[in-house]
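Trainee: I would like to learn how to read a model like this one. Can we start with the strands and then move to the ligand?

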Amino acid sequence: MSMSGASRGTGRRTGSGAERLVVIGGDAAGMSAASQARRMKGPDELEIVAFERGHFTSYSACGIPYWVGGDVTERDQLIARTPEEHRARDIDLRMRTEVTEIDVGRGRVRARDVDSGAESWTSYDKLVIATGARPIRPDLPGADAPGVHGVQTLDDGQALLDTLARTRGRRAVVVGAGYIGVEMAEALINRGYEVTVVNRGKEPMSTLDPDMGRLVHEAMEGLGITMVNDAEVTKLLTGDDGRVRAVVTDDAEYPADVVVLGIGVRPETGLAKAAGLPLGNHGGLLTDLAMRVRGQQNVWAGGDCVEVLDLVSGQERHIALGTHANKHGQVIGTNAGGGYATFPGVVGTAVSKVCDLEIARTGLREKDALRVGLQFESVTIESTSRAGYYPDASPMTVKMLAERRTGRLLGVQIVGREGAGKRVDIAAVALTAGMTVEQMTALDLGYAPPFSPVWDPVLVAARKAAVKVRAS
Ligand SMILES: Cc1cc2nc3c(=O)[nH]c(=O)nc-3n(C[C@H](O)[C@H](O)[C@H](O)COP(=O)(O)OP(=O)(O)OC[C@H]3O[C@@H](n4cnc5c(N)ncnc54)[C@H](O)[C@@H]3O)c2cc1C
């Protein structure tokens with residue numbers, strides 16, 4: 001159905017008698033929801049209309065650092081499903097079309113064709129809001145100059161690659177040292193740049209405790225990356241050609257031929273807020289366990305635009321991760337398609353890498369535990385990725401937090417080389433199951449010398465934590 005052919009009235013049923021599901025946002029959460037709803041119901045029962053303001057659907061933003069760094073050679077490798085593939089599954093996908101208003105009372109959305117500016121209303125029986133997150137752009141002089149790039153979308157990735165191809169100088173500054181900042185530092189190192197990372201925090205990777213962030217800091221310096229912590233960017237300087245030439249902090253100036261911004265995201269909930277839908281303390285939409293927007297019968301929301309329940313702290317958080325967005329979409333599509341599914345919450349698991357250094361975390365950091373009033377014991381152990389005598393065994397540091405007295409596992413952070421990162425999944429399962437560190441010591445994990453020491457590093461940490469808990 002063309003844009004102009006969309007129902008302009010407020011009637012909620014299409015001519016065929018099928019219900020209409022409208023989806024706002026055509027990436028991970030939105031198109032997972034649309035695809036799952038289509039699996040649940042055929043087009044004679046459910047019409048699905050999806051609006052996407054950009055050029056791409058169902059793409060992996062997670063792959064952008066590896067595309068920019070050259071590990072992935074073609075942009076299209078990051079696209080899981082094209083608009084044509086979605087349309088072939090009877091999803092009426094309207095690209096370059098931005099929803100500008102949600103009228104919850106009358107069950108309709110207003111959409112604008114981005115290229116022509118033409119606007120029209122489309123009515124819905126069921127609505128999915130999957131508008132994602134918006135990168136934070138610093139409100140600083142020079143922040144919009146040519147040569148300054150975000151990396152949120154495939155278009156952003158292409159623009160950065162175009163700049164890298166055009167720029168003769170080889171100095172890159174990355175602003176922000178969260179996982180996107182460190183992944184982009186790796187990408188630029190791989191492209192042969194001299195990389196400086198300017199970071200507001202005490203240490204990189206603020207999703208870790210500072211003592212574990214320190215290990216990342218040291219390893220990044222070992223890779224030749226200049227790390228600047230505790231620094232506030234005050235402006236970006238431009239040259240005579242108008243292009244960025246330096247990043248200025250409180251007390252220094254860092255020459256730059258290209259600047260990459262990775263200072264975090266906020267939920268994209270402007271439309272939802274204007275429609276009077278409930279937002280939480282972090283600006284994300286609030287949903288129930290079925291991902292239905294609280295107080296609404298026929299409106300669901302998922303992905304980076306919602307807040308999620310942290311199962312360890314019991315509090316709502318905003319965590320922008322593709323792994324959650326895909327699961328939300330699956331749950332929403334099942335429910336919007338007439339079935340039943342729930343998303344119970346998260347334990348806060350994330351993994352990333354910078355060159356061969358793997359960085360992983362799950363559960364609570366020390367400051368998270370303190371904030372919610374949990375008393376804890378904390379241990380840090382050094383071990384190796386393989387049996388010490390086996391070739392290429394590499395060092396690994398595991399930090400573990402357990403609740404005082406009960407011994408309930410609260411969180412794990414791991415920094416190491418090959419094989420370190422995904423070990424955090426053991427802890428993610430233990431957290432989900434509510435295990436104690438004592439129970440973890442008996443986990444029947446696989447062992448052979450090429451894969452781990454006879455006591456896996458996670459179990460070594462659990463043993464040490466159990467001893468401390470018993471003494472507490
Ligand atoms: C560089 C990078 C690396 C990442 N790496 C990882 C990783 O390793 N692991 C991980 O789990 N996650 C990672 N992520 C996060 C992951 O990409 C996001 O969590 C995921 O894409 C969220 O999916 P979403 O559908 O909620 O939102 P988005 O992917 O942001 O999609 C929302 C879509 O809605 C569209 N939209 C918004 N408003 C409107 C409107 N009004 N009308 C029409 N369309 C609209 C947008 O154009 C967009 O396409 C990474 C992200 C980036 C940027």
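This is a predicted model: local features need pLDDT of at least 70, side-chain atom pairs count only at pLDDT 80 or more; totals for chains, interfaces and linings use all residues.

Trainee: In what sense do strand S1 and S2 pair, parallel or antiparallel?

Mentor: To read pairing, look at the bridges and the direction. S1 (residues 19–24) and S2 pair in the parallel sense over six bridges.

Trainee: How many bridges join S1 to strand S7?

Mentor: Four bridges join S1 to S7, and the two run parallel. Isoleucine 24 has isoleucine 129 in S7 as its bridge partner. Isoleucine 129 also stands opposite alanine 301 in strand S18. S7 and S18 (residues 299–301) are joined by three bridges and run parallel.

Trainee: Are the residues of S7 buried or exposed?

Mentor: Buried, on both sides. Lys126 and Val128 point one way from S7 (residues 126–129), and Leu127 and Ile129 point the other way.

Trainee: What does an antiparallel case look like here?

Mentor: Take strand S5 (residues 108–113) and S6: five bridges join them, and they run antiparallel. Arginine 108 stands opposite serine 123 in S6. S5 and S6 form a hairpin with five residues between them. Glycine 117, in the turn, has a positive phi of about 85 degrees.

Trainee: Why is S6 described as largely enclosed?

Mentor: Four of the five residues of S6 (residues 119–123) are buried, so the rest of the structure largely encloses the strand.

Trainee: Which residues other than glycine have a positive phi near 50 degrees?

Mentor: First the general idea. Most residues other than glycine have a negative phi. Here, arginine 96 has a positive phi near 50 degrees, and cysteine 355 has a positive phi near 50 degrees too. Arginine 96 sits in the loop between strand S3 (91–95) and S4. Cysteine 355 sits in the loop between strand S21 (350–354) and strand S22 (357–363).

Trainee: Is each of them buried or partly exposed?

Mentor: Compare each value with the 20% cut-off. Arginine 96, at 22% relative accessibility, counts as partly exposed. Cysteine 355, at 17%, counts as buried.

Trainee: Now the ligand. How many residues surround the ligand, and which are the closest?

Mentor: Read the shell first. There are 30 residues around the ligand; the closest are Asp27, Ala29, Glu52, Asp304 and Leu321. The shell divides into 17 nonpolar, eight polar and five charged residues.

Trainee: How much of the ligand does the protein bury?

Mentor: Alone, the ligand exposes 990 Å², and the protein buries 90% of that. Elements giving two or more residues to the shell include helix H1 (28–40), strand S2 (46–52) and helix H8 (322–336).

Trainee: Why is the ligand said to lie between two domains?

Mentor: Domain 1 (6–134 + 266–336) and domain 2 (137–263) both give residues to the shell, so the ligand lies between them.

Trainee: What joins the side chains of arginine 53 and glutamate 268?

Mentor: A polar contact of 3.1 Å. Glutamate 268 lies in the loop between strand S17 (265–267) and H7. Glutamate 268 is buried, with a relative accessible area of 18%.

Key:
Residues are numbered from 1 along each chain as its sequence is written. Side-chain values use heavy atoms; hydrogens and water are left out. A residue is near a molecule or strand if one of its heavy atoms lies within 4 Å of it. Accessible areas come from the Shrake-Rupley method with a 1.4 Å probe; for residues, only the protein chains shown count as cover. Ala, Val, Leu, Ile, Met, Phe, Trp, Tyr, Cys and Pro count as nonpolar, Asp, Glu, Lys and Arg as charged, and the others, Gly among them, as polar. Domain bounds come from an automatic or database domain assignment. Buried means under 20% relative accessible area, exposed over 50%, partly exposed in between (1.4 Å probe, protein chains only). Two strands pair if DSSP finds at least two bridges between them. A polar contact is a pair of N or O atoms within 3.5 Å; within protein, one must be able to donate a hydrogen and the other to accept it, and residues adjacent in sequence count only if both atoms are side-chain atoms.
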